[in-house]
Amino acid sequence: METIRKFERVCEIIDHNQRNAARLIPILQAVQAEYRYLPEEILTFVATSLGISPARVFGVATFYSLFTLKPKGKYLIRVCNGTACHVKGSMGLYGAIVKKLGLREGEDSTPDMLFTVETVNCLGACGLSPAMVVNDEVYGQLTPQRVSDIVDEIVLKEAQNESDAHGA
Amino acid sequence: MNGTFVFIDNKEIPIENEQNLLELIRKARVDLPTFCYHSELSIYGACRLCMVQVEGMGLVPACSTPPTPEMKVSTNTEEIRKMRKIIVELLLANHSQNCPTCQKSTTCQLQALAKRFGITKVRFKNQLREMPPDESSPSLVRDPNKCVLCGDCVRICSEVQSVGAIDFAYRGAQTVVIPSFGKALDQVECVNCGQCARICPTGALTPKSEVDEVWKDIHNPSKVVVAQVAPAVRVAIGEMFGLPPGTTTTGQIAAALRAIGFDKIYDTSFTADLTVLEESGEFIKRVTTGDRIPQFTSCCPAWVKFVEQYYPEFVNHLSSCRSPQQMFGALAKEMLSSELNVRPEDVVVVSIMPCTAKKFEAKRPEFEHDGVRDVDHVLTTQEFGRMIEEAGLHFKELGPESFHMPFGFKTGAGVIFGNSGGVSEAVLRYVSEKLTGQKHESYEFTSVRGENGIREAKLSVAGNEFTLAVVSGLGNARRVLDRIRSGEAHYDLVEVMACPGGCVGGAGQPVFSDPVVRRQRTKGLYENDRMLELHKSQDNPYITELYGTVLGEVGSHKAHELLHTSYRTRKRILDEDVSISSGDEKSLDISVCFGTSCFLKGSQKLLHDILGHIRSKGLNARVNVNASFCFEKCDKGPTIKVGSRTIEGCTIEKAIEAIKREGVALAEEVRQNV
Ligand code: SF4
Ligand code: SF4
Ligand code: SF4
Ligand code: FES
Ligand code: FES
Ligand code: FES
């Protein structure tokens, strides 16, 4: 029923924006907020209902870095690799996370879709460098150890949620 | 702004109505390099090749800078020359290095610029990320390794054709021009008109070549290889051999085909004459009974696919006549094997066409019978030109030869099919005599001629008022169809050619970008018409004979079998469904169409109601619900599919009933399995 809710939500988003092709970007943002990525078939649907070509929608969705066409994990870790953070060893942090999560070459998400790791250019938190964001939360002055602990905390929290859900 | 001028390289050039500096610079007879400027398209200003120095402004792109009085423009400073060189070198550094084997070699503008700027080596490291070319389309090859990202194809496809099959995607160094989701071109809404390939300055989009297959059949002694030549080819192919556009070379074409080794040489204009009779017969019948008016012409396969994809409610307005190419194929396969005493599968029909969409048309399943295609290969004018070069023939010097009879005989009506307005005029030449029962001296209907992409003509024939629309370019076609649909416009006959100006401007023709070339070719065809002995299809003696011996009368059963066809509504993009809810493995599949037509007819509400029904009956675990894109029944939407049954014009009541019916079957199946 989760998928129904999401699809009905997409219809709502489109109606809410008066099926106006000029509102494509806010529509895609809202759709991505639902799915955490932009599924291909949903983009075709968006194009159809706005009366524009799917190639144009695909173009916009791939142009802006805020959009993603690949499913993302529940926790999106974005390690800053802006100049300030880079100087303070951000790539070491990135390496530590990749190793901790056991990601292979070319992979950016864990198979259980719990984590996705990316690098970004400057989070605007240079005073805290090296920095990263997990979903909406910013972490600063990081060390490989601290990063590893953050991952452990999330895994633990998830495991608890899981058992609570089953216990209930 | 009249009466004022600008200085271009110190020369005074009057401003007349030019919208940008580039036009003025061209008027000053300076050939400024450009990749992304075309007078037919919007201004994009991305390639930066047209940069010029303007006093007080520095370097500006000429294509997107409006002139102001007394502006001082320099087109050839040291800085500009250096910059142009760097731009071209950077493009080359990102470009495939296979120039000699490229189809566009010698007509490629990147190659021409490299030569013009004396670039003998590229100072930058080759950055090319090799990507596989897309050869999925029957009409075109897309090689991203040769793309300079000028965006010309993107704009012509969306602005002129209103299709938008390809667009920019990704950004920065990753930027590419591709169909949606990186799909293959034959999986998307491309109508194969090839206008993108016509305008592409490089070899990134080119017509797909069938030259090798044709040589193979020519060299095979057991095959009888038959050529048909489309009207527009004869006024264009000379351009590849140094003749001015519009020069008629019918006789040289026949000579070249013979020299290359074709066994029989015929003229598609003959079957164009035949089309006139069949299509006019259909028109008279339909217009007098008020049946599916307006009638749309059907000789352009790109237009036909366009209607099938975007205007399902108009599909049955298309004339049921096959295009002249396909009429020829069917007749040749039917008649020539017995006449020439060879097995049907050994008759090979090769068409020489100005068109890339004809390659797609020849492969439509409707035109194949028992594994034998009516038309085996389609060569573009360009490909034919390449065969002439390969055979080492001096085209210009060939003595004119004639076509074979009977399919080599045509009237002027069959020749003007090659330009926009030609089909309409040819039909009028027939209808006016047929309805009045009188022979007329004059044959020209100049009111349907002209250059506008949308032309209207009102004519009165034997007391009947007919309104015609003559349209070229699919964007124009869309405008006309929308006005017909909304009731704003009424026509009896609508002629549509996908390529601006008609087939003379087809993508298979020798490469051109100046619209003047198209105009000269059109002029050539009208001159051709005047030079021929006969001008009306009904006067073609071999057509009369053909009806006498094989077809019976216009619109007969036999004519229908050989010369007519049917169409279907068509999905634009081949892709998967959106899964909305899923039950267990044995569940019943329900798909609701969310294609444009069905969407507009209320499929969203229908889905909502179906889901409500499922929820209220507690059927969640027993059904899978999908949103699907088009079941190709768009004219009868909203369409849903329940199990294997397609339900057209679906309402919630019909849906519930279908689910109930399938539900019973489901329960029984479950019982049996227990
Ligand atoms: S062939 Fe025509 S429809 Fe297809 S991509 Fe090119 S311009 Fe667009
Ligand atoms: S494919 Fe050709 S026309 Fe299209 S952007 Fe690339 S170079 Fe330009
Ligand atoms: S207008 Fe002529 S050349 Fe162009 S797609 Fe149609 S049939 Fe082909
Ligand atoms: S560089 Fe990392 S936050 Fe600015
Ligand atoms: S022609 Fe002016 S920027 Fe390309
Ligand atoms: S849109 Fe084609 S069947 Fe629904």
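Q: Let's start with A:Tyr64. Is A:Tyr64 buried, partly exposed or exposed?
A: This is a predicted model, and in it A:Tyr64 has a relative accessible area of 32%.

Q: Nice. What domains does chain A have?
A: The assignment gives domain 1 (2-63) and domain 2 (75-167). Their centres, taken over C-alpha atoms, are separated by 29 Å.

Q: Now chain B. What's the domain layout there?
A: Chain B is divided into domain 1 (5-76), domain 2 (87-208), domain 3 (212-563) and domain 4 (578-673). Between the centres of domain 1 and domain 3 of chain B there are 41 Å, again taken over C-alpha atoms.

Q: I had my eye on B:Pro221. Is B:Pro221 buried or exposed?
A: B:Pro221 is exposed: its relative accessible area is 81%, and the class applies because that value is over 50%. B:Pro221 belongs to the loop between helix H6 (211-219) and strand E10 (224-229) of chain B.

Q: How far is B:Pro221 from B:Gly595?
A: Their C-alpha atoms are separated by 50 Å, and the two residues are 374 residues apart along the chain.

Q: Changing topic: how much space is in the largest pocket?
A: About 1300 Å³. It is lined by 46 residues, and the closest to the pocket's centre are B:Thr107, B:Gln109, B:Val511, B:Phe512 and B:Ser513.

Q: Which element gives the most to that pocket's lining?
A: H3(B), with four residues. Elements of chain B giving two or more residues include helix H1 (21-27), helix H12 (381-390) and helix H16 (515-531).

Q: And how many cavities of 30 Å³ or more are there?
A: Three. The largest cavity has a volume of about 260 Å³.

Q: What lines the largest cavity?
A: There are 25 lining residues, and B:Cys299, B:Pro354, B:Lys358, B:Phe417 and B:Cys503 lie nearest the centre. Helix H8 (268-289), helix H9 (301-310), helix H10 (324-340) and helix H11 (357-362) of chain B each supply at least two residues of that lining.

Conventions: Residues numbered from 1 in each chain as written. Chains lettered and ligands numbered in written order. Predicted model: local features only at pLDDT ≥ 70, side-chain atom pairs only at ≥ 80, totals over all residues. Heavy atoms only, no water. Buried < 20%, exposed > 50% of the residue type's maximum accessible area, 1.4 Å probe, protein only. Domains from an automatic or database assignment. 1 Å grid on protein atoms, 1.4 Å probe; cavity = no way out; pocket = protein on both sides within 12 Å on 5 of 7 lines; lining within 4 Å. Points joined across faces, edges and corners; volume = space filled by probe spheres on them.
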